[in-house]
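Subject: Structure handover

Hello,

Here is the structure I promised to pass on. Please open it alongside this message; my notes follow below.

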Amino acid sequence: MKLKKYLLFANIFIALLSCKGQPEYAFLPQSLKFDLTPFLFRNYTPLELATLSNSDYNQNESGLITGTKLSRYLSNWNTSKPSYVFGNLIVFQIQTSGASGRYVFFDGKQSFAYPVTNLNELLSETRDDGVLATDGIVGKGKKISDFFAIYGIDPAIDYVVFAGDSSNLANLSSATFAYYSLLYWGFPKERLAVLNGSIADLTTANTLFTTPSYTYANSNRAGSIKTLFRDHTSLHLTIGDLIHSIKNGTSNLEEVDPLPVEGYFLIDGRPNAAYSGTTNSTASGSKYSNCTTKTNASFVSNTCVTTYEGRVKSASNLIPTDLYDGTSFQFRSFTQLSTVLNNTGYPNQKLIYLYGEEGIRTSVVWFALHQILGKPTRFYEAGWKQYGALGLRSPSSGSSPSAITQPASYWRTDTSQLADAITSNADANVPNYQLDLSRQFIKSSNKIRTEDKSFLRGSTSSAGSGGGGGPTGGGGNACGG
């Protein structure tokens, strides 16, 4: 009897190994049909996803590349591409504020270039983590899949470069956020790059050869992130993970990651005035998604600040403008970046928890830490925009209530245990963010990562992602179909 059982399992194993080329009539009972997708995925750690740049940026084949390297790639992609790349070269020329009028050469066969004005919109959206929705978060799987389809990208083989059209912070931030977005969704770091400097400046310096005209071409193909079988969602730091760590693992929150064995080091990537709690860090720039829902007439229009200013408990400040030249917007040298990080007091082996005002602008800091200096880094994209909104205040008569109305809420952050330099903002400048009681006492903020893991694995719990589920009857092909 035991022999028959062993032979049965052996036959199933052999059938699974030999699925390729099997006809549809090679049936096994449906109850023996296995979905191996969950077992094929590999979960990558922030350390595995980090890139240590060469101290000479010219030597980098990915990550931060120079104009010299990009020029070589564009001149003959077939002969100059990295040995591990088998697909096309795709360059995004980011134009957040007008066009320089210069465009890189591409052959339209193996290399393609796209001027794009709305890259942030294509890759980000408002996401709800279960506590408080925030805009500017890496988009859902369908949004990223649509991006690949629009521009004919196959993430299994292609190489993608994000390059600022002209030199400004908006273009640099858009480039680093796009890099983070694709890396988060499983795109291998070895086939992603950010150009150090702008196409306009590098053209002037005769580093890049460009043309004043542009002709559209598209490879008209696209692949799927699901077939990469890579899970990079460890990059995303939830507010639950953050609070649980600050409380030294003693919170009652659920679906939080355990404290890292090596310890963690918290970095605030905002200007010093915001870090010190002396300015309304959220009063300008990217706004909250529902600022316009302020209902009281005494509110000042077009303002959007958090409930309070300050910083996350025990965070060290890394000033973003120390990372790049303020004219060329090129990253500073490897040695200079190392010095900037060392000045924060960072102990070399610890996992970095990074936050700023919000994800897109702070992605510049993330890129320097994770993809140039090679430090393991998790990114709290919602940043101070979410953390600082979750305060308790007693509004004056006629003002809207704060997001947190219950002193014992699990998500109240304006306490001495969770924040430093606490400075309340004026009632008239704080939008109506009142959370219902269920949200104030929900125990998990892991909704985004759960959604994204489901999408990657084809779970039916992810709307529109298809596939998944258990056996449902009769017979079937053990190899699929």
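This is a predicted model: local features need pLDDT of at least 70, side-chain atom pairs count only at pLDDT 80 or more; totals for chains, interfaces and linings use all residues.

Two strands count as paired if DSSP finds at least two bridges between them.

β16 and β17 are parallel, and four bridges join them. To get from β16 to β17, the chain passes through helix α13 (residues 359-372). This β-α-β crossover is right-handed.

Look at the side chains of β17 next. T377 and F379 point one way, while R378 and Y380 point the other way. All four names on that list are buried.

On to β13 (residues 264-268). This strand pairs with β16 (residues 351-355), again in the parallel sense, over five bridges. F265 has I352 in β16 as its bridge partner.

Put together, these strands belong to an open sheet of four, with parallel pairing. The order is β15-β13-β16-β17. β15 (316-317) and β17 (377-380) are the edge strands, each pairing on one side only.

**The cores**

Which residues have the most contacts inside the largest nonpolar core? They are F92, F147, F162 and Y387, in a core of 93 residues. Helix α8 (residues 169-184) gives the largest share, nine residues. Where does this core lie relative to the two domains? Domain 1 (46-232) and domain 2 (234-457) both contribute residues, so the core lies between them.

Leaving aside residues up to four places away in sequence, F92 touches Y114, V116, F147, Y151, I153, V160, V161, F162 and A163. Two of the core residues named above, F147 and F162, are on that list.

There is also a second, separate core. This one has 18 residues, including L74, V104, A193 and I199. As background, nonpolar side chains in soluble globular proteins tend to be buried together.

**The whole protein**

The secondary structure comes to 16 helices and 19 strands. Of the 481 residues in the protein, 53% are buried.

Best wishes

Terms used. Residues are numbered from 1 along each chain as its sequence is written. Side-chain values use heavy atoms; hydrogens and water are left out. Helices (H or I, at least four residues) and strands (E, at least two) are DSSP runs, numbered from the N terminus. Buried means under 20% relative accessible area, exposed over 50%, partly exposed in between (1.4 Å probe, protein chains only). A nonpolar core is a set of buried Ala, Val, Leu, Ile, Met, Phe, Trp, Tyr and Cys residues joined through side-chain atoms within 4.5 Å. Domain bounds come from an automatic or database domain assignment. Contact means heavy atoms within 4.5 Å. A crossover is right-handed if, with the strands pointing away from the viewer, the path from the first strand over the helix to the second runs clockwise.
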